[in-house]
Amino acid sequence: MNESAAYRGVFPIVPTPFDDVGALDIDSQRRALDCMIDQGVDGLCIIANYSEQFLLSDAERDQLMRVCLEYVAGRVPVIVTCSHFSTQVVEDRCRSAADLGADMVMLMPPYHGVGLQAVEQTIFEYFDRAATAGGIPIMVQDAPLSGVHLPVSLLVRMAQSIPLLQYFKIETSQAAGKLRALIAEGGDDILGPFDGEEGITLMADLDAGATGTMCSALIPDLIKPVVEKFQAGDREGAMQCYNRILPLINYENRQCGLRATKVIMKEGGVIRSDHVRHPLGPLDLETREGLLTLVQDLSPLALRWAR
């Protein structure tokens, strides 16, 4: 892929709607996809951590992948998260995603709790085998959830040695410094340096060279102007837009987590229920009201899409 064809911009995580008893709500899933595409996103990521992928059965995961890819039908690029500790399972998932029309897969490094992790060489082999199996671009998700330290030297070695591995979602602490080092050491082999963590460090990460962000589905329509203005050279305008939404991003990141998107999409009539699966629980009333107060002042599309 040449640089002009590189994926960049806003690629939010698609939530997984359930009904009030916890069953998949496919109609709400399709409505969520439409709502996000209507917000002008540059792409989507499905079955990620903010999609509650760790609370889905294998059969549900396969069903959601098929439903989402068929329904989006090429309107925007779709990234499918295929993370698993088993390299063989990852290979199977990458093949399936590619066969169904995914544009990219995203993987965290292999981990299973804090005590069961791979060493650098087997991490390299894990990503190499995933690339061979899927035959489509790979994004490395460098997330604190895994507990796996991915040094910049390893990320650069993988980018230089695995042709399909050129995208990186960096959401560790001090992400801007890691992005800057990755880009400096990897050069042209780092095609897509992305920011994560709901965009809570977005301006610092853009300054460091990030060309995209993988936020939640809460306010991608309000995050996109930040990225567009910055990429157009209007840093001051980008900062003004960012300062307006930062209190909400902070509240989402520190108080609500993945539940924020569901609360707002339900409030806006996009999905029927904001249910999250046990052992997760709903937001307490005070936190929910605080979220709604912040969101109503900004009036994102998700809050009024179905009205």
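In strand 4 (residues 104-107), methionine 106 is the bridge partner of threonine 81, and strands 3 and 4 run parallel, joined by three bridges. Strands are DSSP runs of E of at least two residues and helices runs of H or I of at least four, numbered from the N terminus, and two strands pair if DSSP finds at least two bridges between them. This is a predicted model, in which local features need pLDDT of at least 70 and side-chain atom pairs count only at pLDDT 80 or more, while totals for chains, interfaces and linings use all residues. Residues are numbered from 1 along each chain as its sequence is written, and side-chain values use heavy atoms, with hydrogens and water left out.

**Strand 3 and its neighbours**
- Strand 2 (residues 44-46) also runs parallel to strand 3, through three bridges, and cysteine 45 stands opposite isoleucine 79.
- Strand 3 (residues 78-81) is covered on both faces, with Val78 and Val80 buried on one side and Ile79 and Thr81 buried on the other (buried means under 20% relative accessible area with a 1.4 Å probe, protein chains only).

**Crossovers**
- Strand 2, helix 2 and strand 3 form a right-handed β-α-β unit, and strand 3, helix 3 (residues 87-99) and strand 4 form a right-handed one as well; right-handed means that, with the strands pointing away from the viewer, the path from the first strand over the helix to the second runs clockwise.

**Lining of the largest cavity**
- Helix 2 (residues 58-72) gives the most to this lining, with three residues.

Note on methods. Buried means under 20% relative accessible area, exposed over 50%, partly exposed in between (1.4 Å probe, protein chains only).
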